[in-house]
Amino acid sequence: MRYLVLTDIHGNLEALEAVLEHAAGRQYGAVLVLGDLVGYGADPNLVIERIEALAPAAIVRGNHDKVAAGVEDAEGFNLTARNAVQWTYDALTPEHRAYLRTLPVGPRVVDDLIEICHGTPFDEDAYVFDELDAIRAIEASRRPVCLFGHTHVPLVCARTDDELEVYTLDGDPFTLDIEEGRRYLVNPGSVGQPRDGDPRAAMAIVDTEARRMELIRVPYFVEQAQYKVRAAGLPEVLAKRLALGR
Ligand code: ZN
């Protein structure tokens, strides 16, 4: 199976549409969504409609999805995130809020090769910040390839017998063969709010037969997404950061 992997879309319709347009030429067979469909961006309803229409083979909820659905309060969110998630809660239709409530808690096993989660396999809300977090995540995963999101920063690392290899993501796209005997932890990067200094939308394609993954960046109409954030009355910093990829 060739999977299109999407995470941290955050209500950014322009970024999602650019990624889907690019992916259409890549003959994927199924979609995996690693959470945070909404929050920060101005189009939560349209993003949910697009994702529902893709009928993902597997999907998990993110922390913003939970709060925007009214499943959890915004405790632990900073002021900007809190303002945005309250705006999102109010903007969502009751049907879309209900859809977010149906999203399953991660991790979810997809097939023999892949497991998905939002933060980590041991805690859906935990962040992978350093090598110890990465090792812990890999050891908690039930599959050789663990796909995650939440940090909005692309990462590919692998555990061999006694060490962790963190790959340099060179090449555009970055491609990697999935080797037997290795256990991988992979964040494709965020579709709708990248934070690695590259403002382009991020996506991945993982081919389980060819045992190959690609981390791909796609330019999109950033100014349009920024315009909508400002027109919605969302915090200005959320518009600014889209152009910076921070
Ligand atoms: Zn996120």
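This is a predicted model: local features need pLDDT of at least 70, side-chain atom pairs count only at pLDDT 80 or more; totals for chains, interfaces and linings use all residues.

Biologist: Let us begin with the metal. Which residues are the protein donors of the zinc ion?

Modeller: One looks for protein atoms close enough to the metal to count as donors. Here they are D8 (OD), H10 (NE2), D36 (OD) and H152 (NE2), which lie 2.1 to 2.3 Å from the zinc ion. Along the chain, these donors follow the spacing D-x1-H-x25-D-x115-H.

Biologist: What arrangement do the four donor atoms make around the zinc ion?

Modeller: The angles decide this. Four donors count as tetrahedral if all angles lie between 85 and 135 degrees. Around the zinc ion the four donor atoms subtend angles of 87 to 178°, and the arrangement is therefore irregular.

Biologist: Where in the chain do D8 and D36 lie?

Modeller: D8 belongs to the loop between β1 (2–6) and α1, and D36 to the loop between β2 (30–33) and α2 (44–54), so the pair ties together parts that are 28 residues apart in sequence. Both D8 and D36 are buried.

Biologist: What is L37 in contact with, leaving aside its neighbours within four places in sequence?

Modeller: With those neighbours set aside, the contacts of L37 include I9, H10, V47, I51, D65, Y99 and L100. V47 is placed in helix α2 and counts as buried because its relative accessibility is 0%. Beyond its own sequence neighbours within four places, V47 is in contact with I9, G11, N12, L13, L16 and L37. By contrast, V47 and G25 are 22 residues apart in sequence and 20 Å apart in space, C-alpha to C-alpha.

Biologist: Now the cysteines. How many disulfides are there?

Modeller: A disulfide is a covalent bond between the sulfur atoms of two cysteines. In a model, one counts cysteine sulfur pairs within 2.5 Å. The count here is zero. For C146, the nearest cysteine sulfur is that of C117, 4.0 Å away, and C146 is in no disulfide. C157 is in no disulfide either, the nearest cysteine sulfur being that of C146, 9.4 Å away.

Biologist: Are C146 and C157 buried or exposed?

Modeller: C146 counts as buried, at 0% relative accessibility. C157 is also buried, with a relative accessible area of 1%.

Biologist: Finally, the strands. In what order do the six strands of the open sheet stand?

Modeller: The order is β4-β5-β6-β10-β7-β8, with mixed pairing. At the edges are β4 (108–109) and β8 (164–166), each of which pairs on one side only. Strand β7 (residues 155–159) pairs with β8 in the antiparallel sense over three bridges, and A158 has E165 in β8 as its bridge partner.

Biologist: Which residues form the covered face of strand β9?

Modeller: In a regular strand the side chains alternate between the two faces of the sheet. In strand β9 (residues 174–177), F174 and L176 form the covered face, whereas T175 and D177 form the uncovered one. β9 pairs with strand β12 (residues 212–218) in the antiparallel sense over four bridges, and F174 stands opposite L215 in β12.

Definitions and conventions:
Residues are numbered from 1 along each chain as its sequence is written. Side-chain values use heavy atoms; hydrogens and water are left out. Buried means under 20% relative accessible area, exposed over 50%, partly exposed in between (1.4 Å probe, protein chains only). Contact means heavy atoms within 4.5 Å. Donors are N, O and S atoms within 2.8 Å of the metal (3.2 Å for Na, K and Ca); water is not among the atoms, so sites may look incomplete. Four donors count as tetrahedral if all angles lie between 85 and 135 degrees; four count as square planar and six as octahedral if opposite donors are over 155 degrees apart and all others between 65 and 115; anything else is irregular. Helices (H or I, at least four residues) and strands (E, at least two) are DSSP runs, numbered from the N terminus. Two strands pair if DSSP finds at least two bridges between them.
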